[in-house]
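Subject: Structure handover

Hello,

Here is the structure for you to take over. My notes on what was found in it follow below.

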Amino acid sequence: MQRHQVVIVGGGPVGVALAVDLGLRGVSCALVESRVGLSRIPKGQNLTQRTLEHFQFWGLVDELRAARLMPPGHPIGEVTAYRSLMSEYWLAPPGRETVRSFYSQANERLPQYQMEAVLRKKMATLPNV
């Protein structure tokens with residue numbers, strides 16, 4: 001019988017990220033998940049600066065950014081609306097880009113299944129997971 005220090009139930013983004021983090025720290029863990037493949041329906045698509053800092057610590061920022069589906073340089077923030085109640089035109093004030101200098105990484109936008117694929121690929125390389 002194989003023994004592990006930690007058993008993680010659920011292989012979504014949080015479960016796989018936990019397995020990667022524990023694996024990189026040398027903690028033996030097993031991940032239990034009922035689905036074999038990734039869902040092609042994105043349940044999320046925006047990764048904040050803090051999330052990207054985790055990917056940086058795990059050495060996965062380049063792989064994550066390479067998995068982006070939107071063209072490079074395509075904006076991922078600000079919304080322009082026409083004819084709001086306040087004025088003829090309305091432009092949402094800059095959001096995360098105004099605080100970029102406070103973080104080591106900029107935010108990113110890609111479907112959840114693309115992010116999960118990057119995490120699963122890394123998890124597969126860890127001998128104690």
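Which residues lie nearest the centre of the largest pocket? They are P13, V14, L47, T51 and M115, out of 16 residues that line the largest pocket. Please keep in mind that this is a predicted model.

The pocket

The largest pocket holds about 210 Å³ of space. Its lining takes at least two residues from each of α1, β3, α2 and α4. One of the residues nearest the centre, P13, sits in helix α1. Apart from neighbours within four places in sequence, P13 is in contact with Q112, M115, E116 and L119. P13 and M115 are 102 residues apart along the chain, yet their C-alpha atoms are separated by 7.6 Å.

The chain as a whole

The chain has 129 residues, and 33% of them count as buried. Its secondary structure comes to 4 helices and 6 strands. Read from the N terminus, the order of elements is β-α-β-β-α-α-β-β-β-α. Among contacts in the chain with a separation of 6 or more, 68% are between residues 24 or more positions apart.

Helix α1

α1 has 12 residues. From its first C-alpha to its last, α1 reaches 16 Å, close to the 16 Å expected at 1.5 Å a residue. The buried residues in α1 are G15, V16, A17, A19, V20, L22 and G23. These buried residues of α1 pack against β1 (6–9), β2 and α4. Just after α1 comes G26, with a positive phi of about 85°.

The side chain of N128 reaches the backbone oxygen of G26 at 3.5 Å. Is N128 buried or exposed? N128 counts as buried because its relative accessibility is 19%, and the cut-off is under 20%. Leaving out neighbours within four places in sequence, the contacts of N128 are L22, G23, G26, V27, S28 and C29. Of these, L22 and G23 are listed among the buried residues of α1.

Helix α4

α4 covers residues 112–124, which makes 13 residues. The distance from its first C-alpha to its last is 18 Å, close to the 18 Å expected at 1.5 Å a residue. Which residues of α4 are buried? They are Q112, Y113, Q114, M115, E116, V118, L119, R120 and M123. The cover over the buried residues of α4 includes α1 (13–24), β2 (29–32), β3 (46–47), α2 (49–57) and α3 (61–66). Q112, M115, E116 and L119, the contacts of P13, are among these buried residues of α4.

Q114 is another residue of helix α4. Q114 counts as buried because its relative accessibility is 18%, against a cut-off of under 20%. Apart from neighbours within four places in sequence, Q114 is in contact with R40, A67 and L69.

E53 has its place in helix α2. E53 is buried because its relative accessible area is 9%, and buried means under 20%. Not counting residues up to four places away in sequence, E53 touches Y103, S104 and Q105. Between E53 and Y103 there are 50 residues in sequence and 7.8 Å in space, C-alpha to C-alpha.

How many aromatic pairs are there? The count comes to 1 aromatic pair. F55 and W58 form this pair, with an edge-to-face arrangement at 5.5 Å centre to centre and 65° between the planes. The arrangement counts as edge-to-face because planes over 60 degrees apart are put in that class. F55 and W58 are each buried.

That is the end of my notes.

Regards

Conventions. Residues are numbered from 1 along each chain as its sequence is written. This is a predicted model: local features need pLDDT of at least 70, side-chain atom pairs count only at pLDDT 80 or more; totals for chains, interfaces and linings use all residues. Side-chain values use heavy atoms; hydrogens and water are left out. The expected span of a helix is 1.5 Å times one less than its number of residues. Buried means under 20% relative accessible area, exposed over 50%, partly exposed in between (1.4 Å probe, protein chains only). Contact means heavy atoms within 4.5 Å. Rings of Phe, Tyr and Trp (its six-membered ring) pair if their centres lie within 6.5 Å; planes under 30 degrees apart count as stacked, over 60 as edge-to-face and the rest as tilted. A polar contact is a pair of N or O atoms within 3.5 Å; within protein, one must be able to donate a hydrogen and the other to accept it, and residues adjacent in sequence count only if both atoms are side-chain atoms. On a 1 Å grid over the protein atoms alone, a cavity is a set of points where a 1.4 Å probe fits but cannot get out, and a pocket is an open set with protein on both sides within 12 Å along at least five of seven lines; lining residues have an atom within 4 Å of a point. Grid points are joined across faces, edges and corners, and a volume is the space filled by probe spheres set on the points.
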